[in-house]
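Me: I am new to protein structures and would like to learn how to read one. Could you walk me through it, please?

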Amino acid sequence: MQHVDIAIVGGGIVGLTLAAALKKSELNIAVIDKKASHQPLAEKPTARVSAINQANIAALQQLDVWEHVQQDRASAYTHMHVWDKDSFGDIHFACDEMGSDALGVIMENQALVNGLSDAVSAQPNVQLVTAGIERVLAGPNQTMLMLDNNDAISCRLLVGADGGNSYVRKQAGFPITFKDYEHTAIVANIRTKEPHNKVARQAFTPTGPLALLPMADPHVCSIVWSQSPDAAGALMSMDDTDFCNALSAASNSVLGTASLETQRVSFPLTMRYAREWAKNGVVLVGDAAHTIHPLAGQGANLGMQDALALAELLMQLEAQNKDIGLHKHLRPYERSRKTEAMKMIAAMDGFKFLFDGDDPIKKLIRGIGLTATNKLDVVKNAFVSHAMGL
């Protein structure tokens with residue numbers, strides 16, 4: 001039997017960010033995942049990427065994590081271009097308008113996880129445990145985790161950072177609100193004839209948005225193509241040539257002809273929102289608490305901000321010698337982060353409704369809205385600032 005102050009279930013971006021943010025505390029932490037967090041990177045970049053905003057990059061730099069990230073697997077993007085394929089709406093964002101060198105970074109999820117894992121491994125207050133959880137036994141003052149390697153860990157606070165299908169959330173009995181976005185996302189890496197020039201692009205089509213995210217190679221982009229299930233099924237059934245032709249048509253051939261660098265993978269998109277995020281001895285972060293539509297690329301950023309906010313609160317409680325497991329002490333985190341998640345979910349629902357379909361009235365509204373935003377510096381800068389997490 002081992003005892004720790006905090007057991008974090010989930011060794012991905014969010015769970016490791018929480019552990020890294022607690023580096024200066026005296027809290028003992030176990031990060032538990034059924035697979036080792038650090039995994040060798042494939043020779044070629046994979047299509048599992050995230051757009052990390054400037055606010056979270058700054059936090060990783062302050063935590064001495066960024067220096068551990070393999071930089072050739074990260075690509076700063078300096079511009080954004082968003083347009084509506086079937087209307088006159090068009091908008092451009094540039095980092096220099098905000099006095100910054102970049103708007104954010106596109107990077108492979110595993111590259112970021114590896115950097116976080118290497119940094120956290122050096123922390124004396126953290127142990128990385130590679131094991132699955134067979135049983136959770138909740139007591140009045142501590143929670144016991146029975147692991148599949150015949151070990152057991154007890155903790156004062158159990159943190160669920162184990163994704164959208166969170167085992168911790170289910171064991172704690174937190175109810176969720178669930179919504180089918182009626183979209184299927186297709187992800188892959190493509191090689192394009194024209195260089196991306198560090199521009200993140202997004203085209204809104206009648207059947208869903210297409211994102212072209214610039215990778216470190218100037219001719220490689222990661223795509224996230226969210227389509228209605230029928231349209232996605234048709235695209236997945238095409239051979240590579242026909243798929244790339246459809247992709248070029250959807251993007252107005254903005255980067256010329258394209259070829260696939262990786263296989264295509266598709267998955268349904270759903271919104272999940274835990275109606276409770278905390279109770280005595282248990283708290284949720286990241287996708288365990290909320291999953292949103294990827295059209296704004298904010299899922300990872302939202303989860304990392306959860307982790308940073310929770311770490312700040314836990315260090316305050318520690319300094320005040322207060323019980324980190326009491327629900328009443330966790331309520332400030334729960335209230336603030338639930339509010340931010342709900343705002344993002346509502347915004348994504350609004351964008352999806354407005355940009356979905358070919359209704360002529362919605363097309364007119366989209367065109368006027370994008371064009372006006374592009375011309376109004378105050379509104380435009382507010383959008384850029386939000387995207388950067390500032």
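This is a predicted model: local features need pLDDT of at least 70, side-chain atom pairs count only at pLDDT 80 or more; totals for chains, interfaces and linings use all residues.

Me: Let's start with the pair. How do α1 and α3 lie relative to each other, and at what angle do their axes cross?

Reply: The idea is to compare the directions of the two axes. Angles under 35 degrees count as roughly parallel. Here the axes of α1 (residues 13–21) and α3 (residues 109–121) cross at roughly 25° and come within 9 Å, so the two helices are roughly parallel to each other. Their crossing is left-handed.

Me: Which residues in α1 and α3 meet?

Reply: From α1 come I13, L16, T17, A19 and A20, and they meet N109, L112, V113, L116, S117 and V120 in α3. Sorted by class, this contact has eight nonpolar residues, three polar ones and no charged ones.

Me: Is T17 buried or exposed?

Reply: To decide, look at the relative accessible area: under 20% means buried. T17, in helix α1, has 1% relative accessibility, so T17 counts as buried. Leaving aside neighbours within four places in sequence, T17 is in contact with L116, M304, A307 and L308.

Me: And where is G12?

Reply: G12 sits in the loop between β1 (2–9) and α1. With a relative accessible area of 26%, G12 is partly exposed.

Me: Now for the start of a helix. Which residue caps the N-terminal end of α6?

Reply: To find a cap, check which side chain reaches a backbone nitrogen at the end of the helix. For α6 (240–250) the cap is D239, with a side-chain oxygen 3.3 Å from the backbone nitrogen of T241. The side chain of D239 also reaches the backbone nitrogen of D242, at 2.8 Å. D239 itself lies in the loop between α5 (229–237) and α6 and is partly exposed, at 45% relative accessibility.

Me: Which residues of α6 are buried, and what covers them?

Reply: F243, C244, A246, L247, S248 and A250 are buried. Their cover includes α5 and the strands β12 (176–192), β13 (199–205), β14 (208–214), β15 (220–227) and β16 (258–260). After α6 comes N252, with a positive phi near 55°.

Key
Residues are numbered from 1 along each chain as its sequence is written. Side-chain values use heavy atoms; hydrogens and water are left out. Axes are lines fitted to C-alpha atoms, for helices over the stretch in contact, and angles run from 0 to 180 degrees between N-to-C directions. Helices (H or I, at least four residues) and strands (E, at least two) are DSSP runs, numbered from the N terminus. Angles under 35 degrees count as roughly parallel, over 145 as roughly antiparallel, 65 to 115 as roughly perpendicular and the rest as oblique. A crossing is left-handed if the near helix is turned anticlockwise from the far one by less than a right angle, and right-handed if clockwise. Contact means heavy atoms within 4.5 Å. Ala, Val, Leu, Ile, Met, Phe, Trp, Tyr, Cys and Pro count as nonpolar, Asp, Glu, Lys and Arg as charged, and the others, Gly among them, as polar. Buried means under 20% relative accessible area, exposed over 50%, partly exposed in between (1.4 Å probe, protein chains only). A polar contact is a pair of N or O atoms within 3.5 Å; within protein, one must be able to donate a hydrogen and the other to accept it, and residues adjacent in sequence count only if both atoms are side-chain atoms.
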